[in-house]
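The sequence and structure are shown first.

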Amino acid sequence: MTTSLVRQVLPRPRPRPTTAAVHGTTAPGFASVRHSFERACRDAGPAGSQGAALAVVRHGETVVDLWHGTADPVTGAPWTGDTLEPVLTGSHGILATAVLLLADMGALALDRPVADYWPEFAVRGKGAVTLRDVLTFTARLPGIAADLDQRDVENPQMMAALLELHSPEDDPRAGGVLHGPWTAGWIAAEVIRRVDGRDLDLFFLEEIAGPLGLDIHFGLVPDQLPHTARISYDAGFRARFPAPDGGTGRSGAGGGGADLSDRVWNNPSPFPSDAGVWSESRRRYAVIPSLGAYASARGLARLQGILAADAVRAPGEEPLLLSRRTLDQARSFWVEGLDPQLGGISAYGEGGLQLLDEGLHPDVRSGAFGHQGPGGIAYQVWPQAGTGAALVRSRLTADPGGQVLDEVANAVADAVAVADSVAVADSVARSLRTTA
């Protein structure tokens with residue numbers, strides 16, 4: 001009775017906002033990254049409706065490996081460290097890496113016309129279009145005139161055949177950097193097939209993902225489907241893109257008289273109103289070069305860490321993936337421009353790698369490249385800090401999610417400062433021993 005009375009008299013504890021458990025590990029010095037990731041997950045919504053993962057590799061070691069929430073709200077499957085996420089437009093940097101590997105092998109050159117490898121491409125004024133133009137979104141081929149639906153885009157060879165008959169855009173808006181969500185991938189994948197003989201998915205598996213142990217794939221196999229995240233959108237996400245369609249694609253977007261925005265972003269929409277299109281088994285099996293890469297945060301971060309190491313190797317030193325010569329060219333500034341449809345300014349190196357702002361930590365992010373995907377999906381390479389980072393999440397938002405990676409940069413900057421202090425102390429100690 002006494003206990004009951006006490007319980008009635010004592011004030012009830014105030015409810016506090018809770019975040020479902022964030023799983024995984026952080027290395028010493030990276031606790032602040034975990035807190036930032038937890039905040040981002042809490043702000044994104046209930047853990048049962050979304051999930052996310054963050055991984056950071058520094059000097060070959062994983063220093064952050066975190067995940068949270070639900071991978072598939074329909075099945076209730078939890079997110080794990082191995083969950084695969086469709087990175088959608090973030091696939092472009094992965095595709096560019098495959099092209100660069102062929103360039104490194106001497107099988108192709110970025111400044112040569114696409115038609116040198118794919119003769120049928122030359123018709124209708126495309127004979128001078130180079131691979132560099134395609135990878136840097138300056139080829140004046142951002143969209144396609146034929147009326148397409150969501151099933152059509154799952155056949156890369158059919159799309160390549162349609163592009164053979166396409167002319168460069170006359171619209172003056174196509175004169176600079178104009179992102180096309182679909183076409184660059186179809187062109188690059190067809191060049192890979194013509195040059196190497198293997199389709200993109202098999203080439204990437206056998207030459208990059210398999211040898212390096214990377215959980216990154218163009219198209220999935222049945223065993224991978226239960227481990228794949230289901231994407232969704234928040235209220236403001238689709239409004240960032242021009243003229244989103246109803247998800248069918250057959251809405252009059254095609255045809256020579258259609259508006260450029262419709263041809264590029266609504267034929268069909270890469271972000272249809274029904275996000276479930278991206279979770280259909282048929283779509284997951286398909287090879288969609290510019291949007292269809294699937295990756296775990298671990299796999300993405302490891303790839304970026306490998307590129308970070310290769311980018312600062314001594315010339316002639318054996319690389320893990322790409323030679324210093326090829327990476328120097330690929331991330332050498334080529335073009336910068338304001339996309340007249342998306343509104344943002346983008347810069348690209350010669351090899352189609354997106355060049356990123358240094359932000360608050362130029363000492364860490366100097367020479368940064370990677371790709372900012374849709375709705376908060378991002379991966380970055382910081383060569384001077386020997387670091388690769390990747391953030392993926394299933395609920396795509398209007399917020400690009402930069403705060404989490406900014407906190408990663410803070411932690412890396414602190415780690416660099418500590419390492420420098422230790423190095424100075426060791427140098428002083430050695431000097432004193434020598435003097436003594």
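A salt bridge is here a side-chain nitrogen of Lys or Arg within 4 Å of a carboxyl oxygen of Asp or Glu. In this predicted model, D339 is buried but forms no salt bridge. The nearest side chain of opposite charge belongs to R173, at a distance of 8.5 Å.

D339 is placed in the loop that runs between β9 (333–338) and β10 (345–349). Its side chain reaches two backbone nitrogens: that of Q341 at 2.7 Å, and that of L342, which lies 2.9 Å from a polar atom of the D339 side chain. With neighbours within four places in sequence left aside, the contacts of D339 are V177, L178, H179 and G344.

## The nonpolar cores

The largest nonpolar core comprises 99 residues, of which I94, L300 and L321 touch the most other members. Helix α3 (residues 91–104) supplies the largest share of this core, with 9 residues. A second, separate core has 26 residues, among them V364, V404, A409 and V412.

Beyond its neighbours within four places in sequence, L300 is in contact with V87, I94, I216, A295, Y379, A390 and V392.

Q304 lies in helix α10 (residues 297–311). Q304 counts as buried because its relative accessibility is 2%, and the cut-off for buried is under 20%. Residues up to four places away in sequence not being counted, Q304 touches Y379, Q380, V381, T387, G388 and A389.

Key:
Residues are numbered from 1 along each chain as its sequence is written. This is a predicted model: local features need pLDDT of at least 70, side-chain atom pairs count only at pLDDT 80 or more; totals for chains, interfaces and linings use all residues. Side-chain values use heavy atoms; hydrogens and water are left out. Helices (H or I, at least four residues) and strands (E, at least two) are DSSP runs, numbered from the N terminus. Buried means under 20% relative accessible area, exposed over 50%, partly exposed in between (1.4 Å probe, protein chains only). Lys and Arg count as positive and Asp and Glu as negative; His and the chain ends are not counted. A polar contact is a pair of N or O atoms within 3.5 Å; within protein, one must be able to donate a hydrogen and the other to accept it, and residues adjacent in sequence count only if both atoms are side-chain atoms. Contact means heavy atoms within 4.5 Å. A nonpolar core is a set of buried Ala, Val, Leu, Ile, Met, Phe, Trp, Tyr and Cys residues joined through side-chain atoms within 4.5 Å.
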